[in-house]
Amino acid sequence: MKAIKAKSFFAGIHVKDMKSLACNCPTEVMPDPAVAYISLRQSLGKPAVAIVEKGQKVKEGELIAKADGAISSDVFASIAGEVTDITELDCAGCKESFIVIKGDGSGEKSYFPPLKDATADEIKARIRDCGIVGLGGAAFPTAVKIAPKTPVDTLILNGAECEPYLTCDHRLMLEHTEEIARGARYLAKALGVSRIIIGIEANKPDAIAAFEAFDDIQPVILKKQYPMGSEKHIIYVTTGRKVGIGKLPADSGVVVQNVATAYAVCQAVELGKPLYERIVTVSGGAIAQPKNLWVKDGTPVKELVEFCGGESQTPKKAICGGPMTGVALASYDMYTHKATSGILLLTKEEAAAEEPTPCLNCGKCADVCPMHLMPMNTAFYSAAGDFETAAKLGNTMSCIECGACEYICPAKRPLIQAIRKTKAAVRAAAKKGGK
Ligand code: SF4
Ligand code: SF4
């Protein structure tokens with residue numbers, strides 16, 4: 001189908017995309033780590049519960065931890081070898097539980113049997129059994145997302161990749177177009193819908209052209225506008241439907257899935273392969289050779305940096321994820337997982353990490369907010385410890401944490417930090433009050 005143009009949305013920002021550093025680098029396969037540190041927290045929900053013991057031999061793809069609760073996900077061995085420890089490790093400043101596997105180099109695999117002519121229920125079960133979560137960053141279990149409580153009529157594949165620097169989805173769309181399309185069809189079958197749209201930002205014309213090859217998938221060219229990849233915005237610009245505050249995309253008849261998730265679904269159905277590896281973009285002005293890499297879960301970030309030639313200069317900032325929504329890394333003592341889309345090493349110029357100065361009351365943060373919120377109010381009252389007023393005046397609970405306000409703020413106010421703090425305080429108060 002010929003690609004059509006989407007409408008734009010009010011507000012948002014125009015950021016320098018910095019994609020040229022890695023978008024033309026074909027994906028390489030990163031060698032298996034000698035030791036994989038596999039986090040038990042690989043979804044939005046509770047950490048999974050280990051079902052292996054120290055000393056146990058495991059195969060690549062073998063289930064090693066069971067989901068704990070509805071929005072948790074199963075975790076699989078990413079390499080074959082021996083479980084040498086199940087322990088807590090310091091990871092980017094937080095204590096997290098890990099299963100440590102020392103590789104034996106055998107490459108022995110344990111997959112589910114491939115499915116042929118799978119029914120909707122078989123596809124849903126396979127997606128759950130393979131531990132597939134949303135690979136766009138949220139790590140929400142896909143099995144839950146494809147079982148909406150209200151009827152839906154449209155599946156949107158999210159190929160926006162609007163975060164600067166990241167090119168993992170772009171490469172996947174070029175290198176595995178067919179598998180993404182087949183994965184989308186399995187998702188559509190599971191959902192009982194026939195309308196499939198793929199939204200891709202205009203800065204990826206080759207990917208848009210690749211998806212014009214299919215009769216059953218409508219490519220939609222998205223304007224380069226941040227945060228175009230947010231679910232609410234991609235739904236609005238591709239279908240004209242609005243998702244109200246506190247509502248889910250399914251309430252507007254739509255389910256959105258990242259293109260990498262569709263690829264993982266294809267592999268789960270056709271090969272029986274659980275989710276334990278993904279493409280990670282290693283980029284930024286302070287890495288010697290930017291690359292896109294197929295990386296096994298649990299690979300030390302240090303090894304990714306070394307594989308890309310190391311630092312070309314001392315980075316001012318290292319980030320896991322994209323620069324707008326990612327997490328700053330204090331060291332490379334961290335390990336990849338299902339949601340690791342990128343590792344960025346930014347120079348001083350790129351990081352522009354100036355010290356915050358007092359708020360100028362310029363209102364720019366509110367002007368760019370795609371959710372029409374008042375982040376300066378959140379920041380002001382949050383700093384005073386009045387989280388209730390912060391949430392009320394800033395409308396903070398509707399924030400999608402896109403980072404546009406902080407990016408535009410001339411005073412470099414730490415707005416995202418204030419927003420997250422406020423949300424956490426409001427949630428804790430609601431839990432305490434039994435609301
Ligand atoms: S307040 Fe939230 S939604 Fe609005 S720009 Fe800031 S991070 Fe994005
Ligand atoms: S953009 Fe920054 S300086 Fe301007 S009102 Fe918002 S928080 Fe204050």
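1. In this predicted model, Pro227 is found in the loop between strand 12 (217–222) and helix 6. The peptide bond that joins Tyr226 and Pro227 is cis, with an omega of about 5°.

2. Although Glu161 is not a glycine, its phi is positive, at about 40°. Glu161 belongs to the loop between strand 10 (154–159) and helix 3 (168–175).

3. On the division of the chain, the domain assignment gives domain 1 as 32–111 + 274–350, domain 2 as 113–270 and domain 3 as 364–432. Between the C-alpha centres of domain 1 and domain 2 there is a distance of 24 Å.

4. The interface of domain 1 and domain 2 may be described by its contacts and its area. In contact are 32 residues of domain 1 and 26 residues of domain 2. The size of an interface is often given as the accessible area lost when the parts come together. Here the buried area is about 2,200 Å², and carbon and sulfur atoms give 66% of that area.

5. The side of domain 1 that touches domain 2 draws two or more residues from each of strand 14 (277–283), strand 15 (291–296) and strand 18 (342–346). Strand 14 gives the most to this side, namely four residues.

6. Side chains of opposite charge can pair when their charged atoms come close. In the whole structure, a search finds 17 salt bridges. Lys145 and Glu231 form a salt bridge in which the closest N and O atoms are 2.5 Å apart. This pair links distant parts of the chain, since Lys145 is in helix 2 (residues 142–145) and Glu231 in helix 6 (residues 231–239), 86 residues apart.

7. Which residues are the closest to ligand 2? Of the 13 residues that surround ligand 2, the closest are Cys359, Leu360, Cys362, Cys365 and Cys409. The shell around ligand 2 is made up of nine nonpolar, two polar and two charged residues.

Conventions: Residues numbered from 1 in each chain as written. Chains lettered and ligands numbered in written order. Predicted model: local features only at pLDDT ≥ 70, side-chain atom pairs only at ≥ 80, totals over all residues. Heavy atoms only, no water. Near = heavy atom within 4 Å. Nonpolar A, V, L, I, M, F, W, Y, C, P; charged D, E, K, R; others polar. Domains from an automatic or database assignment. Contact = heavy atoms within 4.5 Å. Buried area = accessible area lost by both parts, 1.4 Å probe. Salt bridge = Lys/Arg side-chain N within 4 Å of Asp/Glu carboxyl O.
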